[in-house]
Amino acid sequence: MRDIRAFPVPKGSVALWWLGQNGFIFKSPEGTVAGVDLYLTDSCAALGVPMGVNTSRAVPVLIPPEELDVDLFACTHNHQDHTDPETIRNLRNKDTLAFLGPHPSCDTFRAEGVESGRIIPAWPQCELEFRDLKLRGAFALPTDTTDLCHMGFILQFGQGPKIYITGDTDYTDLLHEAASHTPDMLITCINGGFNNLSFWEAAQLAGAVKPRVAVPCHYDMFPINQCDPHMFEAALKMQCPQVAYHRMSHGRPLLFEAS
Ligand SMILES: [Fe+2]
């Protein structure tokens, strides 16, 4: 976390770190640090037991909640690998930072003791500003009936590049609407399990949205829910070779510049 806070981000760029699953930390040239879908515990392990599947985390906790130091804690929907009550409960800055997400995630923030004044509700097509971050809500198709309020985010820090992060979503042509916001980078789930985008559908989305770079995620965290990212790389080559593939390493910074 100290490395992230100290990491220099040139004007017109954004730095990002992947912490596993759909969890990313973004840092702006102004020093704003925003977390998306940070799952920093092993709380989902218990969820798989009644189903007889292994949902123990397969990626180490790179930053424990007690050490997380972000300015904004944003969630795309209220499934536990995206809005994790145990992570939120143990955040060291829970009493000061801002929380953002669709209403079911806001309910979880409140249940974990966050006052309403620090909760920012979000929804598809909303346009919000937080310091130098412009956040637009993107459409996402729910993957089951336990949470019908999925969304994606299109993030832009200052005049830097635009990043579209899908969150968990089933495939639909309605996702193509994100193309109208001309994202430079697509961060997409590829695992195909539990009705999420498969690697093939994620590449189809990349072909429609036409980012410069596509980054796979949500294929690494649970033994029951994994996918080889090279399948996505191959699908991109076949469906939209103009979109560059970039596989991130957990915990390593990626500096991404505007075109
Ligand atoms: Fe998920």
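Leu72 stands opposite Ala98 in E5. This pair belongs to a predicted model. Leu72 lies in strand E4, residues 72-74, and E4 pairs with E5 in the parallel sense over three bridges. E5 is also joined to E6 by three bridges, and these two strands run parallel as well. Here Leu100 has Ile120 in E6 as its bridge partner.

## Helix H4

Which residues of helix H4 (residues 103-111) are buried? They are Ser105, Cys106 and Phe109. Seen down the axis of H4, the buried residues fall within an arc of 105°, so they line one face of the helix.

The buried residues of H4 pack against helix H3 (85-89), strand E5 (98-101) and strand E6 (119-121). Just after H4 comes Gly113, with a positive phi of about 95°.

## The sheet from E7 to E13

Another open sheet of seven strands has the order E7-E8-E9-E10-E11-E12-E13, again with mixed pairing. Strand E7 (127-130) and E13 are at the edges with a single partner strand each, so one side of each has no neighbour in the sheet.

At the E13 end, two bridges join E12 to E13, and the two strands run parallel. One of the residues paired here is Val213, whose bridge partner in E13 is Ala244. Helix H5 lies across strand E10 (162-165), strand E11 (185-189) and E12; H5 runs at about 160° to E11.

## Helix H6 and its surroundings

In helix H6 (residues 229-239), the buried residues include Phe232, Ala235 and Leu236. Viewed down the axis of H6, the buried residues fall within an arc of 105°, so they line one face of the helix. The face turned away from this buried side carries the exposed residues His230, Lys237 and Met238.

What covers the buried residues of H6? The cover includes helix H5 (199-209), strand E12 (213-217) and strand E13 (244-245).

## The nonpolar core

The largest nonpolar core has 65 residues. Phe24, Ala202 and Ala206 are those with the most contacts inside this core.

Setting aside residues up to four places away in sequence, Ala202 touches Thr188, Cys189, Ile190, Leu197, Pro216 and Phe232.

## Buried residues in loops

Leu91 sits in the loop between H3 and E5. Is Leu91 buried or exposed? Leu91 counts as buried because 24 C-beta neighbours lie inside 10 Å, and the cut-off for a buried residue is 20 or more. Apart from neighbours within four places in sequence, Leu91 is in contact with Pro65 and Leu68. Ile224 is 133 residues from Leu91 in sequence, and the two are 28 Å apart in space, C-alpha to C-alpha.

Asp37 is in the loop between strand E3 (33-36) and helix H2 (45-48). Asp37 has a positive phi of about 50° although it is not a glycine. With 29 C-beta neighbours inside 10 Å, Asp37 counts as buried. His218 is found in the loop between E12 and H6, and its phi is near 60°, a positive value in a residue other than glycine. His218 is buried too, having 29 other C-beta atoms within 10 Å.

Conventions:
Residues are numbered from 1 along each chain as its sequence is written. This is a predicted model: local features need pLDDT of at least 70, side-chain atom pairs count only at pLDDT 80 or more; totals for chains, interfaces and linings use all residues. A residue is buried if 20 or more other C-beta atoms lie within 10 Å of its own, exposed if 12 or fewer, and partly exposed in between; C-beta atoms are placed from the backbone. Helices (H or I, at least four residues) and strands (E, at least two) are DSSP runs, numbered from the N terminus. The arc is that of the directions from the helix axis to the C-beta atoms. Two residues are in contact if their C-beta atoms, placed from the backbone, lie within 7 Å. A nonpolar core is a set of buried Ala, Val, Leu, Ile, Met, Phe, Trp, Tyr and Cys residues joined through C-beta atoms within 7 Å. Two strands pair if DSSP finds at least two bridges between them. Axes are lines fitted to C-alpha atoms, for helices over the stretch in contact, and angles run from 0 to 180 degrees between N-to-C directions.
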